[in-house]
Amino acid sequence: MFQEALQDIVSRLAAARTRGLLEHFALIGGLAVSLWAEPRATRDLDFAVALQAGSPQSLADFLHGTYRAGDPGDPLRGVITASSGMDERTIPVQLIFLPRPLSAVVFERMHDVNVLGCVVPVVAWEPLVLLKLYAGGPRDLLDAKQICAAQAPDTRALASVETLAKQAGLSEEWDQFRRRMATP
């Protein structure tokens, strides 16, 4: 079921990119965390997306989803909610529009990975940690901790994440996270 849903949404996102509705997309969320750390359960598929020339509403319409723009106080620029699947058991999908500095960091560091038999652009572990710190919820912070534990970054890798955090405007969040990680 999850495999078919992933193949379906990746195919639809690739078609949207071909039509000029979308520039980039990358898997984020629980499934991406499972690729960089210990596998964990997830009930949905989350992607970061960047538009080309199209509008968020045009992309939502193409994907048979619903677009919600972010409010002035909302950390996200907007979200498209849709579903994916081949039968009555559909999987929820969220397509997330990130702030520009964070979006640039995410889409500069992607890898094509075979996930459940489907080649998917997946955000690298370093910007995924930053995405989790940006989201800031308890599950997100645990995900960030588990990714770092699994990746066991050396001093050079940590300096690289620090540079990315500065580019994304997340230096304070990264510094707080590092302090928490250093405290037993």
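Start with the largest pocket, which has a volume of about 290 Å³. A pocket here is an open set of points on a 1 Å grid over the protein atoms alone, where a 1.4 Å probe fits, with protein on both sides within 12 Å along at least five of seven lines; lining residues have an atom within 4 Å of a point. Volume is the space filled by probe spheres set on the points, with grid points joined across faces, edges and corners.

This is a predicted model: local features need pLDDT of at least 70, side-chain atom pairs count only at pLDDT 80 or more, and totals for chains, interfaces and linings use all residues. Residues are numbered from 1 along each chain as its sequence is written, and side-chain values use heavy atoms, with hydrogens and water left out.

**Stop 1: the lining of the largest pocket**

Select Ile28, Ile96, Leu131, Ala135 and Asp140. Of the 14 lining residues, these lie nearest the centre of the largest pocket. By class, the lining has 9 nonpolar, 2 polar and 3 charged residues. Nonpolar covers Ala, Val, Leu, Ile, Met, Phe, Trp, Tyr, Cys and Pro; charged covers Asp, Glu, Lys and Arg; the others, Gly among them, count as polar. Which element gives the most to this lining? H5 does, with 5 residues. Strand S5 (91–97) also supplies at least two. Helices (H or I, at least four residues) and strands (E, at least two) are DSSP runs, numbered from the N terminus.

**Stop 2: Lys132 in H5**

Stay on helix H5 (residues 125–135) and pick Lys132. Is Lys132 buried or exposed? Lys132 is buried, with a relative accessible area of 7%. Buried means under 20% relative accessible area, exposed over 50%, and partly exposed in between (1.4 Å probe, protein chains only). Now show its contacts (heavy atoms within 4.5 Å). Not counting residues up to four places away in sequence, Lys132 touches Gly29, Val33, Arg40, Asp140, Leu141, Asp143 and Ala144.

**Stop 3: Ala32 in H2**

Move to helix H2 (residues 29–36) and select Ala32. Ala32 is buried, with a relative accessible area of 0%. Beyond its neighbours within four places in sequence, Ala32 contacts Leu27, Val122 and Leu128. Then draw a distance from Ala32 to Arg19. Their C-alpha atoms are separated by 26 Å, with the two residues 13 apart along the chain.

**Stop 4: strand S5 and its partners**

Colour S5. It is largely enclosed by the rest of the structure, because 5 of its 7 residues are buried. S2 runs parallel to S5, joined by 5 bridges. Find Ala48, whose bridge partner in S5 is Ile96. Strand S4 (residues 78–84) pairs with S5 in the antiparallel sense, over 7 bridges. There, Ile80 stands opposite Leu95. Strands count as paired if DSSP finds at least two bridges between them.

**Stop 5: the second largest pocket**

The second largest pocket has a volume of about 220 Å³. Select its lining residues, including His24, Tyr67, Arg77, Phe97 and Arg100. H4 gives the most to this lining, with 3 residues. Strand S2 (45–50) and helix H4 (100–108) each supply at least two. By class, this lining has 8 nonpolar, 2 polar and 2 charged residues.

**Stop 6: the core**

End at the largest nonpolar core. Among its 61 residues, Leu45 and Phe47 touch the most other members. Helix H1 (residues 2–18) gives the most to this core, with 7 residues. Such a core is a set of buried Ala, Val, Leu, Ile, Met, Phe, Trp, Tyr and Cys residues joined through side-chain atoms within 4.5 Å.
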